[in-house]
Amino acid sequence: TGRIHTSFNQLVTATGRLSCLPAGALVNTHRGLVGIETVRAGDVVRTCRGPRPVLAAEMTGVKPVLAITLSTGMVLRCSPEHQFRTTGRWVEASDLKPDVPLYMSFTEGSFGTSVAFRLEQTAAYRTRKTPYLPGEWSADLAELLGYAMTDGHIARSNYNGKPAQLVLSFDWPDQDLARHFAGAMERLFGRSPTYRKTRSCPVLLLSSMDVCGLIEQLGAGGTSKVIQVPPSLFFAPRDIGAAFLRGYFEGDGTTSSALSVRSVSRDMLEGVHQLLGMFGIPSSISNGSEDPRGYAPRHTLFVLGDRSKRRFLEEIGFISTKKRSQLDRRISRQGYKSTAEVLTLPSADEVLSVKAALYDSERRRDGRVSQALYVFMHRYAAGRITCTLPRAERIVTAITGAGAGVPSFLAEAVSGQYFE
């Protein structure tokens, strides 16, 4: 396992400062998401209190590793003494019990700056029809690959088995989306794809071994069961990551009942989960059930929390007007009661101790306090110990404006943008 000693903690989870994680565990640094075994002193690591420099890093040898399954569907592997923040205190991983709340954070992560990549020519030789191939990531390329990994595939040559044709599929009403990607392919490769209407759906076809080879070399090829997020995207700038997610959610994402995306590849969704986390957008993954017809189960990734949906729209968004409008309508119905942003407080006193200050800050001109606030406080007097992050933010803002002291945990939770 590897150990990082930062000036506070690492990862999106509120973790202890001497933290042992197994090789391969991803850590968010100023270079993007990297394996813990590559982190060195001087690197800047993401924490729930902002970026912190790594003071020392060491390999601790072979040690027991615990696998902690979170309610989000993700598994966190760490050493038994790895510490987590829960109900206002630090708890070692070996002492955790089922249903114990662990604090996560809505804070944004750090993005890398790497855009260049090296490719090998797939075709045996160049001709006058050989397309231009980019040598670095761009928003157009990231969007195209994100969409191609959902509603596209690569057809292979019957002659030599090499990747020969990129096929993108669209719904019948998505003419604007087809034009969008046709323009992107022309800008990227200097070639115009062929638009064709099949019996099932319209498609864009681009025949080129070199273009298809580029897609596979970047790690965006393969069948739907084995696809993964292209590894170089974890080191790419913010706009590249956003473009890839925009294309991916445009293909298989939905906003009808929740902001979610489906895939038969759980590895793919775990990579998307990591990318979203860099934007401060938490998500959960629900395993699909077996299909009686024999099809592979489809897993679903859900974006958690109202503020995450707002941030998704602002930072990532959709290409099509239809999906943008659907997400706009969903966001317009949001309030202060998002169950995905719930916090378990150390005790009800965190709220009750500021009762007088909160009443004073909300008192109307006639000297009265709203009935809703009375009911809110009564619930804590009756034993409630949970609070949503938006409520906590509203409480902190109100009592700070009234000049009163903020309880320590509420201040920590709002500063760190905690949720469970």
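Is S208 buried or exposed? Read on to point 3. Keep in mind that this is a predicted model.

1. **The sheet around β13 and β15.** Start with an open sheet of 4 strands. Their order is β12-β13-β15-β14, and they pair in antiparallel fashion. Strands β12 (152-156) and β14 (194-197) are at the edges. Each has a single partner strand, so one side of each lacks a neighbour in the sheet. On average, neighbouring strands here are turned by 30 degrees against each other, direction ignored. Look next at β13 (residues 163-169) and β15 (residues 202-207): 5 bridges join these antiparallel strands. Within β15, V203 is the residue opposite S169.

2. **Helices on that sheet.** Helix α2 (residues 175-189) packs on the sheet and touches β13, β14 and β15. The direction of α2 makes about 10 degrees with that of β15. Helix α3 (residues 209-217) also packs on the sheet. The strands touched by α3 are β12, β13 and β15. Here the angle is about 75 degrees, taken between the directions of α3 and β13.

3. **S208, the opening question.** S208 sits in the loop between β15 and α3. Its relative accessibility is 7%, so S208 counts as buried. The cut-off for buried is under 20%. What does S208 touch, leaving aside neighbours within four places in sequence? The contacts are P131, P163, A164 and R191.

4. S283 stands opposite V303, a residue of β19.

5. **E290.** Find E290 in the loop between β18 (283-286) and β19 (299-303). At 66% relative accessibility, E290 counts as exposed, because the cut-off for exposed is over 50%. How far is the C-alpha atom of E290 from that of K97? The separation is 30 Å, and the two residues are 193 residues apart along the chain.

6. **A pair of helices.** Two packed helices are described by the angle between their axes and the distance between the axes. For helix α6 (residues 306-315) and helix α7 (residues 321-332), the angle is about 145 degrees and the axes are 10 Å apart. The crossing of α6 past α7 is left-handed. On the α6 side, the contact is made by K309, R310, F312 and L313. On the α7 side, L327, D328, R330 and I331 take part. What kinds of residue make up this contact? There are 4 nonpolar, no polar and 4 charged.

Terms used:
Residues numbered from 1 in each chain as written. Predicted model: local features only at pLDDT ≥ 70, side-chain atom pairs only at ≥ 80, totals over all residues. Heavy atoms only, no water. Pairing = 2+ DSSP bridges. Helix = DSSP H or I, 4+ residues; strand = E, 2+ residues; numbered from the N terminus. Axes fitted to C-alpha atoms, helices over the stretch in contact; angles between N-to-C directions. Contact = heavy atoms within 4.5 Å. Buried < 20%, exposed > 50% of the residue type's maximum accessible area, 1.4 Å probe, protein only. Left-handed = near helix turned anticlockwise from the far one by under 90°. Nonpolar A, V, L, I, M, F, W, Y, C, P; charged D, E, K, R; others polar.
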